[in-house]
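Here is a friendly note to read alongside the structure. Keep the 3D view open and find each residue as it comes up.

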Amino acid sequence: VLTVRSSEITNNGNLPDDYDTGEAIEGGLSGCPADYDGVRVDQGGEGHLTGNVLRTIVDGNLADGLEYDETGPGDVIATTIRSTFSNNGETGTNDLDDGHDIDEAGPGSVIASFVHVEVNDNEDEGLDIDEAGPGDVDVTVTNSEANGNFDENIKVDEEDAGTLMFETTNSDAMHSVDSDGVRLTEAGPGDFEARIANSAITDNVDDGVRFEQEDDNGDVGTLTIVN
């Protein structure tokens with residue numbers, strides 16, 4: 001269980017001024033050889049990962065601002081309120097530079113809510129949520145903004161058996177530098193239900209909203225966009 005209240009977690013993992021973040025490193029990747037996040041929580045055994053972040057600034061860190069990794073049986077239950085995750089990432093390496101990254105790889109679900117959250121100008125995704133094992137994804141984004149991130153401003157993937165549920169209200173997902181405003185993918189068996197209301201999804205380089213249901217087994221997919 002992680003609880004962070006009224007804190008500043010900023011500018012961690014600084015590199016020397018002459019460090020070449022485009023330099024090739026082991027495995028053929030480029031960027032920093034170390035994944036220095038603002039906050040990182042790894043939960044690899046049985047049990048849940050619960051994160052509560054309130055009135056906190058997580059900005060300007062070398063890799064992800066906040067990363068949750070839950071790789072064993074159990075859920076990720078994340079509540080984030082009145083916090084910022086902006087200007088994170090300078091490694092030049094994909095998947096290290098998100099504002100807020102949640103990965104759930106074993107049996108279990110991701111239940112995440114973001115209220116009055118700013119996730120802007122990060123070097124990879126803004127909000128990056130991946131559920132890769134059996135289990136559901138249920139994400140709500142309310143009165144928030146995810147703008148100017150390099151890849152998707154908001155990305156939610158459900159890759160195994162399970163349902164993807166997503167709702168955003170009174171929020172922005174604008175000005176992605178190189179990708180979509182909102183990208184939602186349901187790749188395994190399971191239904192898909194998404195609702196976007198009273199939100200601005202504009203001026204992104206690729207799609208505004210990209211909605212994919214890849215498994216062809218009669219599952220139901222519904223996307224509603226209002227106002």
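1. A definition to start with: two strands count as paired if DSSP finds at least two bridges between them. Strands themselves are DSSP runs, numbered from the N terminus. Please keep in mind throughout that this is a predicted model.

2. With that in hand, look at the sheet. Eight strands form an open sheet in the order 1-3-5-7-9-11-13-15, and their pairing is parallel. Strand 1 (2-5) and strand 15 (221-226) stand at the edges; each has a single partner strand, so one side of each is left without a neighbour in the sheet. From one strand to the next, the twist averages 5°. As background, strands of a sheet pair through backbone hydrogen bonds, either parallel or antiparallel.

3. Which residue of strand 7 is the bridge partner of Ala78? The partner is Ala112.

4. Next, the aromatic rings. The structure holds one aromatic pair. The ring centres of Phe192 and Phe211 lie 4.1 Å apart and the planes meet at 35°, so the pair is tilted; to count as stacked, the planes would have to be under 30 degrees apart. This pair links distant parts of the chain, with Phe192 in strand 13 (residues 192-197) and Phe211 in strand 14 (residues 209-213), 19 residues apart.

5. Phe211, at 30%, is partly exposed.

6. Now the spaces inside. How many cavities of 30 Å³ or more does a search of the whole structure find? The search gives two. The largest has a volume of about 40 Å³, and its lining consists of Ile154, Thr168, Ser171, Asp172, Ala173, Val182, Ser199, Ala200 and Ile201. Five of these lining residues are nonpolar, three are polar and one is charged.

7. The second largest cavity has a volume of about 30 Å³. Val117, Val119, Leu127, Val141, Ser144, Glu145, Ala146, Ile154 and Asp172 line this cavity, and they divide into six nonpolar, one polar and two charged.

Key: Residues are numbered from 1 along each chain as its sequence is written. This is a predicted model: local features need pLDDT of at least 70, side-chain atom pairs count only at pLDDT 80 or more; totals for chains, interfaces and linings use all residues. Side-chain values use heavy atoms; hydrogens and water are left out. On a 1 Å grid over the protein atoms alone, a cavity is a set of points where a 1.4 Å probe fits but cannot get out, and a pocket is an open set with protein on both sides within 12 Å along at least five of seven lines; lining residues have an atom within 4 Å of a point. Grid points are joined across faces, edges and corners, and a volume is the space filled by probe spheres set on the points. Ala, Val, Leu, Ile, Met, Phe, Trp, Tyr, Cys and Pro count as nonpolar, Asp, Glu, Lys and Arg as charged, and the others, Gly among them, as polar. Helices (H or I, at least four residues) and strands (E, at least two) are DSSP runs, numbered from the N terminus. Axes are lines fitted to C-alpha atoms, for helices over the stretch in contact, and angles run from 0 to 180 degrees between N-to-C directions. Rings of Phe, Tyr and Trp (its six-membered ring) pair if their centres lie within 6.5 Å; planes under 30 degrees apart count as stacked, over 60 as edge-to-face and the rest as tilted. Buried means under 20% relative accessible area, exposed over 50%, partly exposed in between (1.4 Å probe, protein chains only).
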